[in-house]
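The sequence and the model are shown first.

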Amino acid sequence: MNAIYPPFSDKIWLDVRSPEEYEKGHIPGAKNLPLFSNEERAEVGTVYVQQGREEAISLGLKLIAPKLSLFDSQVLELSGGKRTQPLMLYCARGGMRSASLSWLLQLYGYDVTVYPGGYRAFRQQLPSLLDKAERIVLLHGATGVGKTLLLQALAERQVQVIDLEGLARHKGSAFGYLPNTSQPSNEMMANFILLQLLQMDLSRPIFLESESKKVGSVDIPDALFERMKRADYITIEAPIEKRIERIVADYATLPFEMLVSAFEKISRRLGSVQTDAAICAVREKDYPKAISIALHYYDKAYQSSSGKLFSGKELARLYFDHEKNISELLQQLERIVSSK
């Protein structure tokens, strides 16, 4: 369906599935207006299996009858008190739940559209969109070279970017946990990526940062990761001192216990002596020393895995030694991609 999705749609998107279904995954920006509670949905499903469709429909009607006026008041609140506000409804497959609520809300005078095929149809678009994307370019490089800085700066220049770490709410290492945030489910991660692709011009390049399959506890969708593995890439390099400086700026503000926990997660790779030295450095707030110890592990991991994971063509190597040079570096990135 050629729809305009949140947050750019003039419609209020309403997911009429149960709260449990919505929490598992939904179209980003949609609000939950459940026709049935979790328990009611389970009850209707049991009746459908044991007694058949007609009995399930009869039960469903009995369950929603007492809530008819409540649906109107809920939607009226969501729409700022205006029944003229257009609505987009969806359920699991664009079936009876969305059709029923659409019929009811139209009786109240709302302008309602049902999303054809429902949530399932939305989810099924990801592989085909990735097939249509003409060019995906990765920013490749070791920890601390500034890939995320460059990606964010490209986005500010209206270059098409998918910030996987931003969507996953994680910086992609043992130290990458962001305080006071929770990571999305794998399903929601895929939905965030899909929504961004739906709003992009797939004939233009799309930049991503090279990542392993997992960003924290969240998986990159298989279809995207397979595309990333064979994508062209630009390698970013920086002096070790600059890398340490950038990493310290990112992580030194984390609580002591969190930094210790991060080092303990990679202790098998570091060895007990280096782990103890790193934790001691953190305790003494000698963050550059602690980070330099961690980089021994991360640089080895990068060198051993990058060649195995990513088989695309290297377009160039760029040196990002100072933030004052970022504008020039961005121009180089865009020229390289447009000329090859």
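The points below cover a helix and its surroundings, then a sheet and a helix packed on it. The model is predicted.

**Helix α17**

- Helix α17 runs over residues 326–339 and has 14 residues. From its first C-alpha to its last it reaches 20 Å, close to the 20 Å expected at 1.5 Å a residue.
- The buried residues of α17 are Leu329, Leu330, Leu333, Ile336 and Val337. They lie on the same side of α17, because the arc they cover around the axis is only 125°.
- Glu328, Ser338 and Ser339 are exposed on the other side of α17.
- The cover over the buried residues of α17 includes the strands β5 (136–140), β7 (206–209), β10 (232–237) and β11 (314–319). It also includes α8 (147–156).

**The four-stranded sheet**

- Strands of a sheet pair through backbone hydrogen bonds, in either a parallel or an antiparallel sense.
- In this model, four strands form an open sheet with parallel pairing, in the order β2-β1-β3-β4.
- The edges are β2 (31–32) and β4 (112–114). Each has a single partner strand, so one side of each is left without a neighbour in the sheet.

- Strand β3 (residues 87–90) pairs with β4 in the parallel sense over three bridges.
- Met88 stands opposite Thr113 in β4.
- Helix α5 (residues 96–107) packs on the sheet and touches β3 and β4. The direction of α5 makes about 150° with that of β3.

Notes. Residues are numbered from 1 along each chain as its sequence is written. This is a predicted model: local features need pLDDT of at least 70, side-chain atom pairs count only at pLDDT 80 or more; totals for chains, interfaces and linings use all residues. Side-chain values use heavy atoms; hydrogens and water are left out. Helices (H or I, at least four residues) and strands (E, at least two) are DSSP runs, numbered from the N terminus. The expected span of a helix is 1.5 Å times one less than its number of residues. Buried means under 20% relative accessible area, exposed over 50%, partly exposed in between (1.4 Å probe, protein chains only). The arc is that of the directions from the helix axis to the C-beta atoms. Contact means heavy atoms within 4.5 Å. Two strands pair if DSSP finds at least two bridges between them. Axes are lines fitted to C-alpha atoms, for helices over the stretch in contact, and angles run from 0 to 180 degrees between N-to-C directions.
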